[in-house]
Amino acid sequence: MNFTSQSSRSIDVAIVGGGPAGAALATLLERAGYHCAIFEAGVFPRYHIGESLIPHTFGILDRLGLLPKLRISPYPEKYSVRFVSPTGKESTPFYFSETIDGEGARTWQVERSSFDQLCLSHAREQGADVRMCAAVEQVLFDGARATGVRVRPSEGDAYDMAARVVVDASGRSTVLGEQLGLKSSVPGLRKASLWSYYKGGRRLDGIDAGETTIFMIRNRGWFWYIPLPDDVVSVGVVASPDELFSGTQEKETIYAREVYACGPLMDRLRTAKRCAGVYGGPRELAYFNRQTSGDGWVMVGDARAFLDPIYSSGLYLALASAELAADSIRQALEANDLSAAKLGAFEARLMAGVDVIRRLIHAFYDPHFSFGEFVTRFPAQRRALVDCLVGDVLKDMSAFTAALEQATPPPPSLAVASG
Ligand SMILES: Cc1cc2nc3c(=O)[nH]c(=O)nc-3n(C[C@H](O)[C@H](O)[C@H](O)COP(=O)(O)OP(=O)(O)OC[C@H]3O[C@@H](n4cnc5c(N)ncnc54)[C@H](O)[C@@H]3O)c2cc1C
């Protein structure tokens, strides 16, 4: 194998993708003394969907050292979430300060182009070798062990880069999942999404100005309404692909049809003007990979799995999985044991948390389930429910999931094969 190094330092960890998961992982490993190269196919700043953070991200952002930058950012502060029924009946906003003290009770609605650039620049400041316009064509293997990556820069020849560990942080491209045939759809969860942006949508007053509003539509479909900087609001619909795309495949037509049909949303958009095209399409949102790690490799963030945007948990899980993986990778490198088991030691904890969120997603889409009735029936679980909604799920949630199973059938099992 013909390996090239463009760096004066040899690479411990090659990271495929410079999104939040890849950038966070590199930041933490560089700090621990392990040299990382990030290969990013795109040019930053670049557009990305996924703008609403949840409060439990606060601790990770703090540990990454990003809070000072976020505190002076133009991102709207998010203190709450509110649900609006199809007839316009509004829930009491759920303020994160009900269960979280201090500064961590608010988070941010981020413009992803600048947020992702901030995360990646931060990784570079910690010493990571960040290569833009450098798409990873494939992960290289010696037998079953990953040994490096083959990189195709947008200019110049492809080259191979050796690394002790390869991390797939390529988001929905799922480079390793595709290469190794590990990717599956998520049973019982078929949703698609279309979204766009408006200028001048109505904002609420005071600390409600930055809230996420969820507008429910028929058959448990829903819209997000996420205020962003510069008077822009992100507005997206999530529903069954059969419902959204029956009749026509024309995204503009479907999006306009859905927006106009949602009266309470239209009230907010009455004076607003669309300022972008329609993104998304009939492709199903949810997928997962049947492994998190193998000999010499690990997956983090969306490269591992993505379920559904309803609880805005994507960025939290991207950053949390990067933090957990950084710890396992550091220990594996220290022990010089780069086996699947050692590198993926974090998997059980991560996937238990993901499973709790998956159960709540299925509960949300169950037409016979009501969160209000659940907490009335199981008042002792109210706190745990709130913990889930803010993202605090990487802990023992067995009492909560047992109660949830009495209120709504559990989703079909994901047969997770560990590395
Ligand atoms: C409709 C929708 C709405 C969402 N809403 C929210 C929300 O409100 N809140 C939230 O927290 N999350 C949301 N998400 C999820 C969120 O977008 C993701 O969870 C998050 O971006 C994952 O971060 P990541 O770093 O794992 O991947 P990404 O952010 O996707 O980064 C992956 C990077 O890898 C690069 N890459 C891909 N292939 C290669 C390759 N071969 N070589 C090199 N580089 C490569 C890409 O260019 C990209 O920069 C939403 C998702 C969808 C689909």
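Two strands count as paired if DSSP finds at least two bridges between them. Keep that in mind for the views below, which come from a predicted model.

**Figure 1. The whole protein, before we zoom in.** Let's start with the parts list: this protein has 14 helices and 22 strands. Its C-alpha atoms fill a box of roughly 65 × 45 × 45 Å along the principal axes. A compact globule of 419 residues would have a radius of gyration near 22 Å, and the protein's 21 Å agrees with that. Buried residues account for 47% of the 419 residues.

**Figure 2. Who sits around the ligand?** There are 37 residues around the ligand, and the ones that come nearest are Gly-19, Gly-50, Gly-171, Gly-301 and Gly-314. Sorted by class, this shell holds 17 nonpolar, 16 polar and four charged residues. Now look at where they come from: α1 (20-31), β8 (134-142) and α9 (314-335) each give at least two residues to the shell. The largest share belongs to α9, with four residues.

**Figure 3. Strand β2 and its parallel partners.** Here β1 (residues 13-16) runs parallel to β2, and four bridges join the two. On its way from β1 to β2 the chain passes through α1, making a β-α-β crossover that is right-handed. Strand β7 (residues 129-131) also pairs with β2 in the parallel sense, this time over three bridges. There, Ala-37 has Asp-129 of β7 as its bridge partner. Which residues cover the two faces of β2 (residues 36-39)? Cys-36 and Ile-38 lie on one side, Ala-37 and Phe-39 on the other, and all of them are buried.

**Figure 4. A three-strand open sheet.** Follow the order β8-β9-β10 across this open sheet, where the pairing is antiparallel. Why is one side of β8 and of β10 (159-162) left without a neighbour in the sheet? Both strands stand at the edges and each has a single partner strand, so one side of each has no neighbour there. On average, neighbouring strands of this sheet are turned by 30 degrees against each other, direction ignored. Zoom in on β8 and β9 (residues 145-153), and you can trace eight bridges between them. One spot to look for is Val-136, whose bridge partner in β9 is Val-151.

Figure 5. Is β15 (residues 222-227) mostly covered or mostly open? It is mostly covered: six of its six residues are buried. Trp-222, Trp-224 and Ile-226 are on one side, with Phe-223, Tyr-225 and Pro-227 on the other. Strand β14 (residues 212-216) pairs with β15 in the antiparallel sense over four bridges, and Met-216 has Trp-222 as its bridge partner. These two strands make a hairpin with five residues between them, and Asn-219 in the turn has a positive phi of about 50 degrees. Next comes β16 (residues 232-239), which is antiparallel to β15 and pairs with it over six bridges. Check Tyr-225, which stands opposite Val-235 in β16. This hairpin of β15 and β16 has four residues between the strands, and Asp-230 takes a positive phi near 60 degrees.

Terms used
Residues are numbered from 1 along each chain as its sequence is written. This is a predicted model: local features need pLDDT of at least 70, side-chain atom pairs count only at pLDDT 80 or more; totals for chains, interfaces and linings use all residues. A residue is near a molecule or strand if its C-beta atom, placed from the backbone, lies within 6 Å of it. Ala, Val, Leu, Ile, Met, Phe, Trp, Tyr, Cys and Pro count as nonpolar, Asp, Glu, Lys and Arg as charged, and the others, Gly among them, as polar. A residue is buried if 20 or more other C-beta atoms lie within 10 Å of its own, exposed if 12 or fewer, and partly exposed in between; C-beta atoms are placed from the backbone. A crossover is right-handed if, with the strands pointing away from the viewer, the path from the first strand over the helix to the second runs clockwise. Axes are lines fitted to C-alpha atoms, for helices over the stretch in contact, and angles run from 0 to 180 degrees between N-to-C directions. The radius of gyration is taken over C-alpha atoms; the globule rule is 2.2 Å times the number of residues to the power 0.38.
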